[in-house]
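Subject: Structure handover

Hello,

Here is the structure I promised. Please open it alongside these notes.

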Amino acid sequence: MQIQDLPYPDPGVPDARSGPRFLWWLGRNQLGGQLKALAWGLLHFASVSALPFCVGLAVQAVVDRSGTRLALTGGLLVLACAGNALGDTFLHRAAVTNWITAAARVQQLLARKAAQLGSALTRRVAAGEVVAVSTGDVEKIGWFVEAVSRFTAAAVTIVLVCVSLLFYQPALGVVVAAGLPALALAVLPLLPRATRRADLQREKAGRATELASDTVAGLRVLRGIGGEELFLDRYRRASQEVRHAAVRSARMWSLISAIQVLLPGLLLIAVVWYGVHLARTGRITVGELVTVYSSVMVLTYPLRHFEEIAMAYSFSRPSAGRAARVLSLERSSEVSSSPVGAEVSSSPARAPVSALSGDLYDPVTGLRVPAGLLTAVVCGDPDAAGRLADRLGGHPAEPGPGASVLLGGVPLDELPLDTARAAVLVQDKDPVLLSGSLRDLLDVPSSGDVRADEALAAAQCADVLDALAQASPVAGDPMDVRITERGRSLSGGQRQRLALARSLITDPEVLVLDEPTSAVDSHTEARIAEGLRALRTGRTTVVLTSSPLLLDRADRVVLVHEGTAAAVGVHRDLVRTEPRYRAVVTRETDEERAVHEVLASDGTPRRDARHPLADGSAPRDAARDPLEDEAALRGALEEIEETA
């Protein structure tokens, strides 16, 4: 895979059982790039390691006054320099390609997982951790993948040089062969402590990032309540903790670097001292001493890659662990007995969406949504409404009891996720607007039957377009005005209406809206209700709301009470006949509910207010004077008014 070929057509199915397993899977999937980098690395390091032998041969040729050998050595030196330059250039190219392609593969996997989980991702994983995984962690994982091939080439070169020195000059070769492994392994006892400090630093950095993102997201609210300084102080403290942790981590890595400099120096002193002793006794020549000395000097370069691979692994292992935790998350309907990371098809066959039609039925609550009608659903618990909306879309993000929702008798959970989403679109109560122009925001997969201007008109976005045009006079068309991240430059009502317009353009077979007008004023809400009803005529639409304006314009209203569809009808009938529905929609208090139980619609006491007994007989005090009952009732009403 070359950089120009990105993105991957299919990034594959990762082994997300642990961080090391994920790194191993990533390396196996980039085996071609690793082998290419290894080949260029061997050429580079072998050429560098050949320089001391050339220098030693040249020195010995001068000592022996042999011009022929000196010329031959000069030619070998030219070849070694050319191989060094060529190998270094293409090693860097191959290594950077491995880095970028590995990071791109991880980013594609994370993006695919985020699309699968939707809003459930941030409910399961902290926002700061998601940001850390998709930015800094991806770079660290790519760094390790890139460093593996260079480390392997360096290790092979060191082994070859040690073997060559043993044959070239056994007396000094034994010293070098015994000392180099000790140098390479000397820092191993320090790596666990360095890794723990690095993990602590990244953990604190993730918390600081999460605090910063939460502060930015709620900046408007913080300004309104004067809480900016409080959160600023919190971030200062978190930032200082990150700084202290980074300094402690840097101290440990600086100690490891110092050891990597000190020990080779000691080995070099030992080689020189012993070599001079051998040369004085005539056991080795001056050229051989220069060769061994130069080899030890040069080998400090590949030895640095042992420190680099240790750092890369210690930094990438927790990063890979965090990425694996995110990639191992599954929607409830996708969880199976097979282990995470098993090779399964990542692109299931897509069923035709046109075949999915009919009533939408939820067996958990008993809710049935007739095809082609606007159905409003009233839930007393907003969280329960959100879970119901999630379940109606099929493949609910959070595990829950009960069978799958049926669309025309077809279980949605048994369909591929993209097919279920194409048939049933769910807009949650807090939709996200991505940064970009309004035209880009509304450029979504759709049936093509609903134009952008029709959707904007139905969602009552005329004033939003005017506001965008005024905010950017340079743009001739409001559709080209850039919207900031998450629509923070817009009010809550404006964001809701643009999100509604985006959903209407999609024009799915079934549209589920969770509190689509909670931040909109009543006049605009009434016009949205009319526009929604007109534009979705003949299409199945479910609106989870407690707004009387939306409920009054629905073809059918269903009350879901304590997880069960308890009442069905139209809004006005349910308000009059169903106390539980009236309590949710009108925010009726217990005192007002008691009054409704004993007063008729005209304000007079109900005939059955005394509640006959099961056998049909009246209670003992049923013979009381109706005037006494009315006086007592009026007194109770006055007491309620005084209390209010």
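**Overall picture**

Among contacts in the protein between residues at least 6 apart in sequence, 78% join residues at least 24 apart; contact means heavy atoms within 4.5 Å. This is a predicted model, in which local features need pLDDT of at least 70 and side-chain atom pairs count only at pLDDT 80 or more, while totals for chains, interfaces and linings use all residues. Residues are numbered from 1 along each chain as its sequence is written, and side-chain values use heavy atoms, with hydrogens and water left out.

The protein has 22 helices and 12 strands. These are DSSP runs numbered from the N terminus (helices H or I, at least four residues; strands E, at least two). Of the 644 residues, 40% are buried. Buried means under 20% relative accessible area, exposed over 50%, and partly exposed in between (1.4 Å probe, protein chains only).

**Cores**

The largest nonpolar core has 41 residues. Such a core is a set of buried Ala, Val, Leu, Ile, Met, Phe, Trp, Tyr and Cys residues joined through side-chain atoms within 4.5 Å. Leu438, Leu498, Val557 and Tyr581 touch the most other members. Helix H16 (residues 492-506) gives the largest share, 6 residues. Another core, of 38 residues, lies apart from it; Leu117, Trp143, Leu190 and Met252 are among its members.

**Helix H1**

H1 covers residues 19-28, with Gly19, Phe22, Leu23, Trp25 and Leu26 buried. Seen down the axis, the buried residues of H1 fall within an arc of 160 degrees, so they line one face of the helix. That arc is taken from the directions from the helix axis to the C-beta atoms. Serine 18 caps the N-terminal end: a side-chain oxygen lies 3.4 Å from the backbone nitrogen of arginine 21.

**Serine 404**

Look at the loop between helix H11 (382-392) and strand E4 (406-407), where serine 404 sits. Serine 404 counts as buried because its relative accessibility is 14%. Its side chain reaches the backbone nitrogen of leucine 412 at 3.3 Å. A polar atom of that side chain also lies 3.0 Å from the backbone nitrogen of aspartate 413.

**Hairpin**

Strands E11 (residues 556-561) and E12 (residues 564-569) run antiparallel and are joined by 5 bridges. Two strands pair if DSSP finds at least two bridges between them. Leucine 559 stands opposite alanine 567 in E12. The hairpin has 2 residues between the strands, and glutamate 562 takes a positive phi near 55 degrees.

Best wishes

Definitions and conventions: A polar contact is a pair of N or O atoms within 3.5 Å; within protein, one must be able to donate a hydrogen and the other to accept it, and residues adjacent in sequence count only if both atoms are side-chain atoms.
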